[in-house]
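The following exercises concern the structure displayed below. Each task is followed by a worked solution.

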Amino acid sequence: RRSSDLLKQLLRSLPKQITIGDCNRWKPTSRFDLVVTDPPYGFNTNEDRTALANLYSAFLRTAIQSLKDNGQLVLALPDWSHTGRRLPAFILKDFVINQVLAIAEEERREVISTATQVPGVVSTAPYYWESEHALRRAILHFRFRKRVNYRRHPNS
């Protein structure tokens, strides 16, 4: 079955509060409590890397703009390739973290602590999800708070 058919079947079974969609058609007019994504990596495909980099940039901005106050963004990103295949820099966690922080500042938001830690039970982010034959993925979790009187620079 085609993935779009599977997605439609999944949508029928999910509660109405959950929205699943294509980020290419997403406009920042909706407001969400949580956005969860495992975006394409361009790892085992011949995708145009420039187009994929533009997709990441546009998606991150739209996702952050679409979050309600105290909204959360969860991303699965490749962290390490076990095959030796080179990963594009723009999909790696350090690059994405810096991009998220820059976009948050431009959108007059701040990234805040996400959860209370239970010592010995819950580790701190990033969390890792690993396949011994392909990739280790980092799971990044951000929570954003809108700052009403936010000033980018003290003199502005």
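**Exercise 1.** Determine how many helices and strands the protein chain has, and in which order they occur.

*Solution.* Step 1: the chain contains 3 helices and 5 strands, where helices (H or I, at least four residues) and strands (E, at least two) are DSSP runs numbered from the N terminus. Step 2: along the sequence, these elements follow the pattern α-β-α-β-α-β-β-β.

The model is predicted: local features need pLDDT of at least 70, side-chain atom pairs count only at pLDDT 80 or more, and totals for chains, interfaces and linings use all residues. Residues are numbered from 1 along each chain as its sequence is written, and side-chain values use heavy atoms, leaving out hydrogens and water.

**Exercise 2.** Identify the residues that touch the most other members of the largest nonpolar core, and the elements that contribute two or more residues to this core.

*Solution.* Step 1: a nonpolar core is a set of buried Ala, Val, Leu, Ile, Met, Phe, Trp, Tyr and Cys residues joined through side-chain atoms within 4.5 Å. Step 2: among its 29 residues, Val35, Leu60, Leu73, Leu75 and Phe144 touch the most other members. Step 3: two or more residues each come from strand 1 (32-37), helix 2 (49-66), strand 2 (67-81), helix 3 (93-106) and strand 5 (135-146).

**Exercise 3.** Is Asp79 buried or exposed, and with which side chain does its own make a polar contact?

*Solution.* Step 1: Asp79 is found in strand 2. Step 2: its relative accessible area is 15%, so Asp79 counts as buried (under 20%; exposed is over 50%, partly exposed in between; 1.4 Å probe, protein chains only). Step 3: the Asp79 side chain makes a polar contact with the side chain of Lys93 at 3.3 Å; such a contact is a pair of N or O atoms within 3.5 Å, one able to donate a hydrogen and the other to accept it, and residues adjacent in sequence count only if both atoms are side-chain atoms.
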